[in-house]
Each structure stands twice: as C-alpha cells, then as structure tokens.
Amino acid sequence: ELQSAIDLAFGANKITVGLNGSALQFDPVGSAGNLPQVTVSAVSGNGGIAALGFTDGQSYKIKTDVTLGAIAAKFATPLTFGDFYINGQKITYSSSDTLQDLINKVNSSAAGVTMSYDVYSDKISFTTKGTGAAAKVQLQDGSAGNFIAAMNLDTNVVSGADADVTIDNVQYFRSTNSLTVNGVTYNLAATASNLSISIGRDTDAMFDKIKGFVDKYNETVKAIDGKRYEPKFKDYPPLTDEQKSEMKDEDIKLWEEKAKSGLLHGDSILSNISRNLRALLSATIQNASSGYDALYKIGITTAPYDAKNPQNAGTLVIDEDKLRAALAADPDGVANLFNNFPGASPVAAEKGIAFQMYDQITSGINDLIEKAGLVGGLTDDITNELGEQVHDLQNDIDLLQVKLNDKEDYYYRQFTAMEQAIQKANSISMYLMSIQ
C-alpha cells in the first residue's frame, strides 16, 4: 500500500519501498553513481514519519546544509569529531559544522586540494590544485576524530604524473599538458604516438594586425586633418575676465569653443606630418620582395575623394581578397613590407612602412614639442617657441605696468603740487584783500 501511494504521487519506478531487516527503507531507482536524493519531511501535526521509523529531514544521501552532529550516527562507521590531515595540513571540525562548512575549510587551506561532494554519486572527492608528479593527495585521520574512516576514503597517497612527450627525438617532461619548444606551443590532449605536426603561419592573425594598422593610420590622419581644416570664427576673440563676469558659464563655454576653433588651421607642422605620411603610401621599400614592396601591391590603397564624405580623403582602404592572397603566397614578404629593419644604421628607404611612419610621427611630435612644449608643461617655458613668446609678452606687460605706475605717481605729484599752488595763491589773495 505504501509503494502504491508513492507511485501515485511521484510515478512508477521512482522510489522502491522495502525492508532492511525489520526497518522500513526507501531506495531511489536509477543507475549506480547517478541516483537522485530522497528526503522525508514531517508534516505539522502529523506523526506519520515517526510512526514509520524515520526522523524529520532524514535523507538517502548526505545533505550539505545539515550539521554533521545530526547525521553522525547514520554512517556505517559512526562519525566522531576532532581533526584530520590533508597533505600534512590539519583540518579541525566539530558537530556544529555542516559538510559545506568542512568543504570551505579544506578549499581555503594550504593543503593544495579542492574538496567537493557529488550529490548524484553520493561521494566526497579531493582533487589537487597543482598538476604533475609533485601534486598529491594524502589523507589521514588525526588523534581525535574519524572523518576519513567514516567517509570510507582511501588513505593511500595518490600522486599526479608529469606529461612525457618526445619531439624530434628529444624527450620533455612537464608538470602541465602545455609546453613550448622553439617558439611553438604544444597542448597535449591525449596519449598518442608517432604524430606528424605541420607548422604554418597564422595568416588570419597577420591580416587582423594589418587591418588594425590601417585603422590606426586612418584615425591619425582624420585627427590631424580635423585640426588642419577646422574653421575659424574671427568674430569670437578671447574673453577678458571682466567679460566673463557678466556671462553665464554655459555661454562662456560655447563662446570659448568658437574662439579656440581653428587655432591650428593650416598649421605648417601638421601639414608636414600629413604630407610625409601620405608620401609613404606610394613608397617602395628597397631590398624588400619585389612582389610586395609597396602597399598597393598587397591591396592597400588610398580612398578616392568623395564630396559627401570629404573627411575620408587620404585614408586607406583594403582589398581583403588581394591582401589575403598576398599573405597566403608570401607571408614573410608582406611582413617585411611593414617591419623590415636593415641594421644599426639603416637607410630610411630600406625601413618597413611601419618604421618609416613611426619616424615621421616622432619627428612631427618633436617639432610640436619644440614649438609648443610638452602636454601639462608651463605656458611660459622658454625652452619652446610659444612658451618663449608668452614669457616675453609677460615681461613686456610687467615693464609696462611699472611704467604705468610711475606715470600714475607722476600725475599724482603734479596734482598735489597744483593743489598746493592753488592754496598758496588763495592765501595771498585773501591777504591782499585784507590790506584793502
């Protein structure tokens, strides 16, 4: 009758009702190592669980959130409390700890292992965090407590093994399944013998790097040309402090955006950088592979002028099919086009495109520093052209201020002398009038 009631509630062939001696027993149905959990719980006001010989919360397998003290008597060897050792590291546990508490203690310890509980197989396992022959798992109960024995855990020392591989008749041992030999990284996935390995260039990665180079070039050109052709607004001169005091912050911001616009319009240094970079787009790299000694030969050309998108003028475009074909045919030749570097004192025309562009950008930055100084530097730094001009202007302002103060003092003295003369004249006049 109990079996029929359980089948009706959960379905047939889910739980088997039987006897273990004189005790009632519920067994989950399934394959070994993959059995579901079965837990019985009491209903408030109903003593059925106790009448059948069960306790509230009793389960077929360990419950990780129940204290070890509550289930200590359920094991074939009753659990006692104290400590045990993993790889020489002492782990202490008590009746108030749950299995999950114990797992956390082990995993955070210096034992170098990971403890886990599989609810389906109902097994506790320990896995080394390290790999290779130096990694091991050694379990031992302490002087008090029998956790290892109660859980039926193997006390034999279990050690890992190093990877053993022979490459070109040279034997290598590694503690991991990954090793690098002569710049080639091997990831060992399984035991095998007499494998033939062919090594080739990753042309997809090379393509992505070249595309990234082109994107960065276009970004740089647009930034330079954006300043070279930025419009000027002559009706927006710089504001004085007095003018700013009469304006709102938002109005000041909008005004200054207009006032600063076009400050680098037609700047000679930016123009030189832009012109020199564009000249390299059609340059031929000396001593490079004749088939791939210029950008256009691998499918990289300049975009045509488009009145609708003038900002794209001078930028680079990629013929992807032509570039991939060049990479497949001669990856070294394509690489040399960009990064060829002939020696300690290289001829400029023999350098790869990337090196030549780097030189041009560096030269342009140095020219900008010479003219305007470093970012965050003093505005009146006399080591650069604009800083020296600001310094000279400040000196002129200071000198004129001194002259203005002197002139002001002069007029004050004149005014005082005049006042004194008037007072003296008035005194004489009053004296003469008194004689009459």
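User: Is F355 buried, partly exposed or exposed?

Analyst: This is a predicted model. Buried means under 20% relative accessible area and exposed means over 50%, with partly exposed in between. F355 has 32% relative accessibility, so F355 counts as partly exposed.

User: How many aromatic pairs does the structure hold?

Analyst: A pair of aromatic rings is described by the distance of the centres and the angle of the planes. The structure holds 10 aromatic pairs. In one of them, the ring centres of F341 and F355 are 4.8 Å apart and the planes meet at 50°, so this pair is tilted. The two residues are 14 residues apart and link distant parts of the chain. F341 is in the loop between α11 (331-339) and α12 (353-372), while F355 is in helix α12. F341 is partly exposed, at a relative accessible area of 43%.

User: Which residues do ring pairs link into a cluster?

Analyst: The cluster consists of F81, F84, Y93 and F147.

User: Which ring does the charged end of K258 sit over?

Analyst: That ring belongs to F233, and the charged end is 4.1 Å from its centre. R324 lies over the face of F207, with 3.9 Å to the ring centre.

User: Where is A294, and what does A294 touch?

Analyst: A294 is in the loop between α9 (268-280) and β14 (300-302). Its relative accessibility is 0%, so A294 counts as buried. Leaving out residues up to four places away in sequence, A294 touches A283 and L337. Between the C-alpha atoms of A294 and V40 there are 79 Å, and the two residues are 254 residues apart along the chain.

Technical notes: Residues are numbered from 1 along each chain as its sequence is written. This is a predicted model: local features need pLDDT of at least 70, side-chain atom pairs count only at pLDDT 80 or more; totals for chains, interfaces and linings use all residues. Side-chain values use heavy atoms; hydrogens and water are left out. Helices (H or I, at least four residues) and strands (E, at least two) are DSSP runs, numbered from the N terminus. Buried means under 20% relative accessible area, exposed over 50%, partly exposed in between (1.4 Å probe, protein chains only). Contact means heavy atoms within 4.5 Å. Rings of Phe, Tyr and Trp (its six-membered ring) pair if their centres lie within 6.5 Å; planes under 30 degrees apart count as stacked, over 60 as edge-to-face and the rest as tilted. A charge sits over a ring if NZ of Lys or CZ of Arg is within 6 Å of the ring centre and within 35 degrees of the ring normal.
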